[in-house]
Structure formats: structure tokens, C-alpha cells
Amino acid sequence: MTYDISTLAKLDTFAKRTAAALRGGEVLALEGPLGAGKTAFVQRLAKHLGVVEKITSPTYTLMHVHAAPHPRIHQMVHLDAYRLKSDAEFTGLGVADYLGKENAVVVIEWADKVARLLPKQTRRLIFSHRGKKRSVLFS
């Protein structure tokens with residue numbers, strides 16, 4: 001299904017609905033060009049999971065683990081695969097410790113770079129923008 005996220009209010013509503021649907025153990029694979037709204041989505045998703053830390057893209061650190069005082073989700077793991085150079089670099093981060101963990105959600109920006117390493121049940125969110133129109137395809 002495609003969602004209009006052209007305004008911050010619409011993006012926030014989408015993130016709130018996504019957070020409410022999470023049960024734990026999910027992997028969200030975010031794809032799309034620079035400026036399409038991936039990090040902005042993660043920031044709002046984190047807010048709706050109760051994360052109080054400032055959310056920044058882990059472009060250089062590659063992975064951040066955030067505590068989430070949510071009834072079902074206790075950790076939000078945020079990865080940025082943009083700078084990864086190999087599958088070994090991805091697995092070396094210890095991501096496997098969080099994949100499928102029942103009280104965590106893993107959110108990966110630039111997930112198309114590591115898609116072959118992700119669980120089959122991974123949910124894809126494909127962000128796009130044209131001018132001021134922004135949307136996300138959730139599959």
C-alpha cells in the first residue's frame with residue numbers, strides 16, 4: 001500500500017500507525033533516494049515507540065541501539081547500510097543478535113544494499129519523492 005507522506009504531519013501519522021502495528025521481532029527495510037524521508041521516518045517512529053534519545057542517522061557509526069519504553073518493543077535498532085562495503089561488515093556489526101528478537105525492532109536505512117542477508121519476513125518501505133510530493137510504499 002502507498003502512503004502520502006508529503007508533510008511532516010502525514011509522515012508522523014504514518015510513523016504512529018507503523019509503531020502501533022509493531023509486535024516485536026520485525027525488520028523494517030527502508031529504501032529510497034537521499035532526501036526521501038527515511039531518517040525523518042525513523043525519528044518519528046522512535047518517538048512513537050517512546051525513545052527519548054535524539055535520533056540521528058548512523059551513517060558513520062553504522063548502528064545505534066536505542067532503549068524503547070514501549071509495552072512490546074524494548075529496543076529499536078537503527079542501522080544505515082549506505083557505507084557498508086561487504087556482507088561481512090554487516091554481519092560483523094552483530095545485527096544477528098537483534099534479528100527476530102521478540103522485544104526489538106530493527107530498522108535499516110539503505111537496506112537494498114543488504115537485502116539478501118535479511119529475513120524473508122522483512123517488511124520493505126520504499127520511499128520516493130518528486131518535487132514536494134513524497135510517498136512510501138509499504139510491502
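Predicted model: local features only at pLDDT ≥ 70, side-chain atom pairs only at ≥ 80, totals over all residues.

Visitor: What span should the 14 residues of helix 1 have?

Guide: At 1.5 Å a residue, helix 1 should span 20 Å, and its end C-alpha atoms are 20 Å apart, which agrees.

Visitor: Which residues of helix 1 are buried?

Guide: An α-helix has 3.6 residues a turn, so residues three or four places apart point the same way. In helix 1, the buried residues are Leu11, Asp12, Phe14, Ala15, Thr18 and Ala19. Viewed down the axis of helix 1, these buried residues fall within an arc of 160°, so they line one face of the helix. Turned away from that buried side are the exposed residues Ala9, Lys16, Arg17 and Ala21.

Visitor: What do the buried residues of helix 1 pack against?

Guide: Their partners are strand 1 (2-4), strand 2 (27-31), helix 2 (38-48), strand 6 (123-130) and strand 7 (133-138).

Visitor: Which element gives the most to the lining of the largest pocket?

Guide: Helix 1, residues 8-21, gives the most, with 4 residues. The pocket has a volume of about 150 Å³. Its lining includes Tyr3, Phe14, Glu26 and Phe138, and the lining residues divide into 6 nonpolar, 1 polar and 3 charged.

Visitor: Is arginine 130 buried or exposed?

Guide: Arginine 130, found in strand 6, has a relative accessible area of 74% and is therefore exposed, the cut-off being over 50%.

Definitions and conventions
Residues numbered from 1 in each chain as written. Heavy atoms only, no water. 1 Å grid on protein atoms, 1.4 Å probe; cavity = no way out; pocket = protein on both sides within 12 Å on 5 of 7 lines; lining within 4 Å. Points joined across faces, edges and corners; volume = space filled by probe spheres on them. Helix = DSSP H or I, 4+ residues; strand = E, 2+ residues; numbered from the N terminus. Nonpolar A, V, L, I, M, F, W, Y, C, P; charged D, E, K, R; others polar. Expected span 1.5 Å × (residues − 1). Buried < 20%, exposed > 50% of the residue type's maximum accessible area, 1.4 Å probe, protein only. Arc of directions from axis to C-beta. Contact = heavy atoms within 4.5 Å.
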